[in-house]
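Subject: Handing over the structure

Hi,

Here is the structure I promised to pass on to you.

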Amino acid sequence: MKISINRLKKYIPHTESPVEIGALLTQSGLEVEGLGEFVSIKGGLEGIVIGEVLNCEKHPDADKLSLTTVDIGGEEPSQIVCGAPNVAKGQKVLVATVGATLYPSSGDSFQIKKAKIRGEVSEGMICAEDELGIGASHAGIMVLDTDLPNGTPASEYIEIGLDQVLEIGLTPNRADAASHLGVARDLKALLGKELVIDSAPELIMEASAPAIQVEVENASDCPRYAGVVISGLKVGPSPAWLQNFLKALDLEPINNVVDITNFILHDLGQPLHAFDTDKISEGKIIVGKLPKNTEFVTLDEKKRKLSGEELMIKDAKGGMCIAGVFGGADSGVSESTTSIFLESAYFSPDIIRKGSQFHGLKTDASFRFERGTDPNMPVYALKMAVKLLQEIAGGKVSSELIDIYPEPIQDFVIEVTYGHIDRLIGKKIEPSRVKSILESLEIKVTNETAEGFTAIAKPYRVDVTREADIIEEILRIYGFHNVELSENLKTDYLAEHPLKDLNKLQYRLTEILTGQGYYEMITNSLTKSTYAEKSGFLNPEQNVVIYNKLSEDLDVMRQSLLYSGLEVLARNINRRQTDLKYFEFGTVYQKTVEGYAESRRLSIFLSGKKTAESWLEPTKAFSFADIYSTVEGILEKLNIAAGEISMVEAAPFAYGLKIMLGQKELATIGLLDEKILKQAEVRQEVWYAELNWDLLCKKASGLKKFEEISKFPEVRRDLSLVIDKTVSYDQVKAVATKFGGKLLKRIGVFDVYQGDKIDAGKKAYALSFHLQDQENTLTDKVIDKTMSKLIQAFEKEVGALIRT
C-alpha cells in the first residue's frame with residue numbers, strides 16, 4: 001500500500017523527514033518496506049531552461065530545418081538546429097541544454113549532445129510538449145508567454161509535482177490503516193499531535209432530478225447504504241494536483257468523476273461507486289442477489305456467470321455492479337455522462353469476499369471491504385466526494401441524501417485490568433500513560449478503577465475486540481524497544497522450567513516413528529466446514545468459524561486431524577504413491593459453551609502395502625496389528641499403561657478400538673469407513689489412529705529408560721487357559737501384569753484355539769510367561785510360587801480353566 005507524504009502532512013503537519021516517519025510507523029506495526037520519490041514530470045525538467053530565439057534562418061542544406069540562435073542565459077547565444085515548423089524569431093521557448101536527458105511521452109529517454117546536423121553545429125534542442133513528457137502534442141515547439149529571464153530553469157515556469165511515497169506492507173488485521181487517514185491516526189499517537197480533518201459540508205439541493213429509490217433486500221449483507229444524485233456534471237480530465245496524487249500511488253487518472261472516487265478510497269478508506277443515472281432502469285436501485293448462472297458483463301468487458309452468492313447492485317432490468325468488487329460495463333461513467341448516482345456503503349466482509357474469490361477479482365475496493373471498512377464513514381466520505389465534484393466537475397446536488405442504516409453497528413466494549421497489561425507487556429506502565437495512548441488512538445477509557453477500566457473501541461478497529469488487543473495497542477505505541485530486559489536474567493524471569501520437557505518428548509517420538517519408516521506431515525489448521533457436517537462423528541455446531549476466511553474451502557478450524565491427513569494421502573495416491581506411513585502432531589479446535597478450546601493430537605496413517613513387491617517374499621498389506629503395535633509402542637515409550645479397551649463400530653471407523661485412561665479417551669484406532677474416505681477422495685483402505693497428545697504428555701513419566709541386561713538367566717513357563725469368548729486378551733494381560741510381580745518381564749500368546757474339543761462359547765489361549773530376576777538366579781521354588789499365584793489369579797479374575 002502506498003502513502004503520499006504530501007497528503008499525510010494535510011492530516012498531521014510535521015517536520016520529521018520521510019525516513020523518520022517510516023521508522024516510527026514500522027515500530028508501531030505498519031512496516032514501511034520502501035521509500036520512493038514521485039516526480040510528475042520524469043526527470044524533473046533538469047537541464048531544461050527558458051530561452052529566446054534571437055535569430056531564425058533556413059538551414060542552408062535542408063529545406064525542413066531551421067538554423068536558430070537562442071539566448072539561454074549564457075555569455076554567448078547557442079546555435080541550435082530546429083525541425084519545428086512554427087519556430088520564429090522573438091519566441092520564448094524551452095531549450096534542452098547539452099547534457100540534459102529527455103524523457104519523451106513515448107519511446108526511450110535520450111541525452112542531448114553537441115552535434116553536427118547537415119554540416120551545422122547544434123548546441124541543444126528546442127522542445128515540443130511530447131519531447132519533454134508533459135503532453136502529447138508534437139505539432140511544434142512550445143512557445144511561452146513569460147517575462148522570466150533567459151536561462152531560468154523550466155521547473156520555475158512549469159509546475160512540477162514532487163512527493164515522497166511510503167510503501168507499507170499492510171498486515172491483514174490492520175484494515176483501519178488502509179488509507180491516508182488510517183495511517184495518520186497512528187501518526188497522531190506516535191507524534192503526539194492533533195489530527196486535522198475537514199468538517200463535512202452540508203449538502204444543499206441546487207437542482208432537481210428524477211428521484212432514485214433504494215431497496216436493501218438483506219440488511220446483514222449491507223448494513224448501511226448511502227447515496228445522492230449529482231447532476232450538471234462535465235466529465236473531463238482532473239486537475240494536476242489530483243492526477244499527481246493518483247500517479248504517486250501508481251494509479252492511472254481516468255476522468256474527474258472516477259478520479260475523485262479513487263481519491264476518496266485511498267484518502268479515507270471508503271470505496272465509492274458512481275452510476276450514470278440515465279442508465280438506471282426505472283430509477284430504482286436494489287441491493288441483493290441474482291440467480292445462479294446469470295450472465296453479467298463487467299467493466300473489463302468480460303462476460304461472467306454469477307454464483308448466486310455474491311451481492312449485486314441491481315436495477316429493474318438486472319445487475320449493474322458486483323457490490324464492493326467490480327462495476328458493470330453498462331452502468332459506468334462515460335464522457336457523455338451528465339448525472340450520476342454516487343454510492344457509499346458498508347458491506348458485510350463475508351459476502352464481498354465470496355464475490356471476489358469466486359470471480360478471481362481483486363480490486364482496491366474489495367481489498368478494503370473484505371477486511372472491514374468503517375460503518376461510520378459512508379456519509380462523511382460521500383459529502384467530501386460531492387464537495388470535490390462541485391469544485392472540479394461543476395456538479396450540483398439534485399436529490400436528498402439517502403442513508404439506509406436500520407441497525408447501527410455498536411462500538412466494541414472491552415474490560416481491561418492493569419495487572420494483565422503489566423504481565424503481558426513485561427513492564428509496568430503508569431495508568432495515565434496507558435490512558436493517553438488509548439485516547440490518542442481514539443479508544444475511549446471509562447469506568448476507571450485502581451484495578452482496571454473499560455475500553456471502548458470504534459467499529460472501524462476490527463482488530464481490537466479483546467483485552468489482549470487493547471494491550472497490543474498500548475505496547476505498539478509505547479514501543480517494543482522501550483521494554484527493557486534485565487541485565488541478569490534469572491530462570492524465573494521468563495518462565496519456570498517444566499517438570500517434563502514436552503518438546504523433547506515430541507522430538508524423541510518423531511525420531512522413533514521416522515525410524516520405523518513413517519513420514520511426518522504438517523497440514524493446514526483451516527479446513528472445510530462440510531467435513532464436520534458430513535462426518536457422522538464431529539459436531540458442526542462446534543466448528544470454530546473464520547470471520548475473514550480466505551475461501552469457502554478454508555472456512556473453519558479443524559476439529560480433528562483426520563481430514564487434513566486424508567487430503568495428503570489423496571494427493572500422494574493420485575500421484576501413484578500408494579504405500580504410505582504418515583504421522584502428524586497438530587492442534588484441533590472446538591467451540592464450547594464456555595468459549596473456544598484447543599488441544600493437541602497425534603495422528604497416524606497407514607495405507608497400502610507393508611512390504612514392497614519382491615521375489616524374496618510376497619507383498620503384504622497393512623493390517624490392524626501394524627497400527628495397533630505402533631500405538632502400543634508409543635505408550636510403552638512414554639511409560640503409560642493403557643486403561644480400558646473397548647470395540648468401536650461407529651464413524652469414522654468401519655471397526656476399531658478405543659483406549660481409555662480413567663474417564664478420558666486416550667486413543668482411537670481402526671479401519672476408516674469408506675464413507676469417510678470418499679469425502680476426501682481416497683480410494684484405498686486406510687488404518688488410522690488419533691491419540692490425545694495433551695493427555696499423553698500429562699500422564700507420561702518421561703521417555704522409557706533402559707537398564708543393564710540382567711546377568712542371570714531368563715525362565716519361560718507356559719500355561720493354557722480356557723476362558724469365555726467374551727474375555728479379551730487385554731483382560732488376561734492386565735491380570736498377569738497385576739499379579740505377576742517384578743519377576744514377570746513379558747507375556748506372549750503362541751496359540752489360540754476355538755473348536756469342538758472345548759465347550760461352546762469358550763476359547764483357549766496358550767500363553768508364555770518370561771520370568772527373570774536382576775540380582776539372583778531363579779530357583780524352582782520361586783518360579784513355582786509365582787506361577788501358582790498367576791494360576792489362582794486367572795481362575796478368580798477371568799474364570800479361567802487351566803490346562804496342563
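First, the ground rules. This is a predicted model, where local features need pLDDT of at least 70 and side-chain atom pairs count only at pLDDT 80 or more, while totals for chains, interfaces and linings use all residues. Residues are numbered from 1 along each chain as its sequence is written, and side-chain values use heavy atoms, with hydrogens and water left out.

**Pockets**

Rolling a probe the size of a water molecule over the atoms shows where empty space is left. A pocket here is an open set of points on a 1 Å grid over the protein atoms alone, where a 1.4 Å probe fits, with protein on both sides within 12 Å along at least five of seven lines; lining residues have an atom within 4 Å of a point. Grid points are joined across faces, edges and corners, and the volume is the space filled by probe spheres set on the points.

The largest pocket holds about 1800 Å³. Its lining has 48 residues, with Glu632, Glu636, Lys733, Thr737 and Ile747 nearest the centre. Helix 20 (729-739) is among the elements that give two or more residues to this lining, and helix 20 gives the most, with 10. (Helices, H or I with at least four residues, and strands, E with at least two, are DSSP runs numbered from the N terminus.) By class, that lining has 22 nonpolar, 12 polar and 14 charged residues. Nonpolar covers Ala, Val, Leu, Ile, Met, Phe, Trp, Tyr, Cys and Pro, charged covers Asp, Glu, Lys and Arg, and the others, Gly among them, are polar.

The second largest pocket comes to about 1200 Å³. It is lined by 37 residues, and Val462, Asp463, Ile546, Tyr547 and Asn548 lie nearest its centre. Helix 7 supplies the largest share of that lining, 4 residues. The classes there are 18 nonpolar, 8 polar and 11 charged.

**Cysteines**

How many disulfides are there? The count is 0, taking a disulfide as a pair of cysteine sulfur atoms within 2.5 Å. For Cys222, the nearest cysteine sulfur is that of Cys321, 12 Å away. Cys222 counts as buried because its relative accessibility is 2%; buried means under 20% relative accessible area, exposed over 50%, and partly exposed in between (1.4 Å probe, protein chains only). Cys697 is buried too, at 6%.

Most residues other than glycine have a negative phi, and most peptide bonds are trans. Ala651 and Pro652, though, are joined by a cis peptide bond with omega about 10 degrees. Pro652 sits in the loop between strand 37 (645-648) and strand 38 (653-661).

Leu45 has a positive phi of about 60 degrees and lies in the loop between strand 2 (32-39) and strand 3 (48-58). Arg576 also has a positive phi, near 65 degrees, in the loop between helix 16 (562-574) and strand 33 (580-591). Which of these is buried or exposed? Leu45 is buried at 6%, whereas Arg576 is exposed at 74%.

**One aspartate**

Asp626 is buried, with 12% relative accessibility. Setting aside residues up to four places away in sequence, Asp626 touches Leu606, Lys610 and Ala621, where contact means heavy atoms within 4.5 Å.

Cheers
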